[in-house]
Amino acid sequence: MKLSIKHIGLVLLIATWGFHGCKKVNYEWENYQYTAVPIVIVDTTKTALPTRQAGKVAFFNLKDTDLANEQFAFSLNWEGFGKARVTSIEVYASYNKAEASVPAYPLVISQPGNQYPNIAQFPLPSIVGTTDHLYETVKDFPKNYSFTAAQLAAMNQVNLADVKVNDYFLFKFILNLDDGRRTVTYFNNVCDEARGEPGDCRVGVRFKNQ
């Protein structure tokens, strides 16, 4: 059967309509926006037990008779990759009981020659919850922090005598951008020290008994 120009045009019209009509789902990733990420540098000289910068974790030692004066320090900044700017960062603090499964110590490196630990040192995704309290809002960067174990305990209303192995103090961050957006949640593809992701959405100090 021979098709006329009219019939061919009708077929093409139906095919084109059908092609556009097939897309019934709009995916969130199709409307992505650039954002900034928090950047943390841990002072690896102020930790009771050895750590690695890539782990974004320090340690207090419960066996230390001067536990109260052990120190934890870090600096906070941000990176917008030329696409976003931060006006302020909200810093939240919390005390947390040990997870059911905790990272090994000493830190285990994922593979020879790699600087990253084999597992995230604190739970992901990083979401500010009801146990986190606002410590302060930072507008000038970089911001340097230094705390003793006693200061962190007082800040989080914890008695150091009640702390157990693998409990930890944790700082989380919410970014406020200059376009009015607020970044409140970080998933593994942005913040995971085990994979060397670009953001440092939380940093903490964990209790050991070494």
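How many of the 11 residues of strand E4 (residues 86-96) are buried? The count is 9, so strand E4 is largely enclosed by the rest of the structure. Buried here means under 20% relative accessible area, exposed means over 50%, and partly exposed lies in between (1.4 Å probe, protein chains only). Strands are DSSP runs of E with at least two residues, helices are runs of H or I with at least four, and both are numbered from the N terminus.

The model is predicted: local features need pLDDT of at least 70, side-chain atom pairs count only at pLDDT 80 or more, and totals for chains, interfaces and linings use all residues. Residues are numbered from 1 along each chain as its sequence is written, and side-chain values use heavy atoms, with hydrogens and water left out.

Strand E4 pairs with strand E8 (residues 168-177). Two strands pair if DSSP finds at least two bridges between them. Here 10 bridges join E4 to E8, and the strands run antiparallel. Within this pairing, glutamate 90 has isoleucine 174 in E8 as its bridge partner. Strand E4 is also joined to strand E6 (residues 133-138). That pairing is antiparallel and has 5 bridges. Valine 91 faces glutamate 136 of E6 across it. Strands of a sheet pair through backbone hydrogen bonds, either parallel or antiparallel.

An open sheet of 3 strands was also found, in the order E1-E3-E7. Its pairing is antiparallel. Strand E1 (37-42) and strand E7 (143-148) form the edges, each pairing on one side only. From one strand to the next, the twist averages 25°. Angles are taken between N-to-C directions and run from 0 to 180 degrees; axes are lines fitted to C-alpha atoms, for helices over the stretch in contact. Strand E1 meets strand E3 (residues 71-79) over 6 bridges in the antiparallel sense. Isoleucine 41 lies opposite serine 75 of E3.

Threonine 183 belongs to strand E9 (residues 182-183). Its relative accessible area is 14%, so threonine 183 is buried. The side chain of threonine 183 makes a polar contact of 3.1 Å with the side chain of threonine 35. A polar contact is a pair of N or O atoms within 3.5 Å; within protein, one must be able to donate a hydrogen and the other to accept it, and residues adjacent in sequence count only if both atoms are side-chain atoms. Contact in general means heavy atoms within 4.5 Å. Beyond its neighbours within four places in sequence, threonine 183 is in contact with Thr35, Phe173, Ile174, Leu175 and Leu177.

Leucine 160 lies in the loop between helix H2 (149-155) and E8. Its relative accessibility is 18%, so leucine 160 counts as buried. Its C-alpha atom is separated by 7.2 Å from that of alanine 150, 10 residues apart along the chain. With neighbours within four places in sequence set aside, the contacts of leucine 160 are Ala68, Ala149, Ala150, Ala153 and Phe207.

A search of the whole structure gave 1 disulfide, defined as a pair of cysteine sulfur atoms within 2.5 Å. Cysteine 191 is joined to cysteine 201, with an S to S distance of 1.9 Å. The link is left-handed, with -75° about the S-S bond. Both cysteines sit in the loop between strand E10 (185-186) and strand E11 (202-208), 10 residues apart. Cysteine 191 is buried at 1% relative accessible area. Cysteine 201 is likewise buried, at 0%.
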